[in-house]
Amino acid sequence: MAKNVGNEDIFGGMFHNYKDKTVQTELEKQTDTVQKVSRKRLHSFKGHPFRVIEDEQMVQLADSIKQYGIQEPLLLRPLKENPEEYEIISGHRRNHAAGIAGLEEVPAYIRELDDDTATVLMVDANNKREVLLPSEKAWAYRMKADALRHQGKRNDLQQNEEDLGMKAVGKKNRDSVRTVQRYIRLTYLSQELLQLVDEEKLTITIAYTISFLNCDIQNYIVSYYQEKHILPDNSQAEAMQAEQERGMLDTAAVERIMSKHLKEKKPARANVTLKESRLRQYFPENMSSKEMEDIIIELLEKYAKNQ
């Protein structure tokens, strides 16, 4: 059974020095002047966890930009190593769509932001999207949690400060502390397993348990799936976790657990119902139901012999 863990297990105590800090205070000190910036001078946010893909929505956004321009300016900050170039905090999709629309420049706010404030803003801006993959949400929550931890300055915090930090991470998406914990644990999965979560082949609940298994076992689970097209169910994942806690988990144990719990699934039996009212049109009116049945069986037997 998956163990109950606290924030210390999940983040290594990253909220132990959490301090509630509003990034808006930082922004209010700076001007809101919109500037035109060459797209050639723009760079994606380092570790940006959100997809920028050319789907139907991107095409629609590009068409809108071509017709009306960019209605919401991007948010940028100067690169530390080259202040003449900029890192995108908010607006990766708008920038990409602007390229499709043929724009060479984009409107933007340029602000001096520290790494942690920039990370929180980047995550909050993208979390407004209607559809997020589990992997996107997981890495976004982890990045924001890490940034909030770095912003902590005090050492006189009470026991419940960690939960306050967790609530701050999931606030924009109205996710509970427990939900935030589970998403962040997904970042401890191998890339292949996290992809299976995105593809809805592995549930978040099972993936959460597997995330506590060591890398070698995770890789073996992927190999097992690639060979047999079978992934652990909840009881199997919990059995593996229990074996690991006893120091007994290896590839042989995984094979044993998977084999022990696997049950051959019998194909579902097809139920076919033939209504007499529909069959009557093919038989004389005075023919009994028994005679009709005998003829149908005879015809089916002839059909089966010819197959």
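## Contacts and the model

Contact here means heavy atoms within 4.5 Å. The model is predicted. With that cut-off, L189 touches L194, V197, A207, I210, S211 and Q218, leaving aside residues up to four places away in sequence.

L189 belongs to the largest nonpolar core, which has 34 residues. Two or more residues come from each of α6 (134–151), α8 (177–185), α9 (191–198), α10 (204–210), α11 (215–228), α12 (234–245) and α13 (251–261).

Take a look at α9. Its buried residues are L193, L194, L196, V197 and D198. E200 follows α9 and has a positive phi, near 60°.

## A buried arginine

R182 sits in helix α8. R182 is buried, yet it has no salt bridge. The nearest side chain of opposite charge belongs to E238, 7.8 Å away. What does R182 touch, not counting residues up to four places away in sequence? T205 and Y208.

## The sheet and its helices

The model also holds an open sheet of 5 strands. The order is β1-β5-β3-β4-β2, and the pairing is mixed. At the edges are β1 (35–38) and β2 (42–43), each pairing on one side only. Strand β1 runs antiparallel to β5 (residues 105–110), and 4 bridges join the two. In one of these pairings, K36 has P107 in β5 as its bridge partner.

Helix α5 (residues 115–126) packs on the sheet. It touches β3 and β4, and its direction makes about 45° with that of β4. Helix α4 (residues 92–100) lies across β2, β3 (74–78), β4 (86–90) and β5. Helix α4 runs at about 115° to β4.

## Salt bridges

Side chains of opposite charge can pair when their charged atoms come close. The whole structure has 11 salt bridges. One of them joins R77 and D115, whose closest N and O atoms are 2.9 Å apart. R77 lies in strand β3 and D115 in helix α5, so this pair ties together parts that are 38 residues apart in sequence. R77 is buried, at 9% relative accessible area. D115 is partly exposed, at 36%. The pair is also part of a network of salt bridges that links R77, K80, E87 and D115.

E243 and R246 meet in a salt bridge at 2.1 Å, N to O. E243 counts as buried, at 12% relative accessibility, whereas R246 is exposed, with a relative accessible area of 55%. K302 and E298 also meet in a salt bridge, at 3.7 Å, N to O. Both lie in helix α15 (residues 289–305), 4 residues apart, so about one helical turn separates them. An α-helix has 3.6 residues a turn, so residues three or four places apart point the same way. K302 is partly exposed, at 47% relative accessibility. E298 is partly exposed too, at 42%.

Key
Residues are numbered from 1 along each chain as its sequence is written. This is a predicted model: local features need pLDDT of at least 70, side-chain atom pairs count only at pLDDT 80 or more; totals for chains, interfaces and linings use all residues. Side-chain values use heavy atoms; hydrogens and water are left out. Two strands pair if DSSP finds at least two bridges between them. Axes are lines fitted to C-alpha atoms, for helices over the stretch in contact, and angles run from 0 to 180 degrees between N-to-C directions. A nonpolar core is a set of buried Ala, Val, Leu, Ile, Met, Phe, Trp, Tyr and Cys residues joined through side-chain atoms within 4.5 Å. Buried means under 20% relative accessible area, exposed over 50%, partly exposed in between (1.4 Å probe, protein chains only). Lys and Arg count as positive and Asp and Glu as negative; His and the chain ends are not counted. A salt bridge is a side-chain nitrogen of Lys or Arg within 4 Å of a carboxyl oxygen of Asp or Glu.
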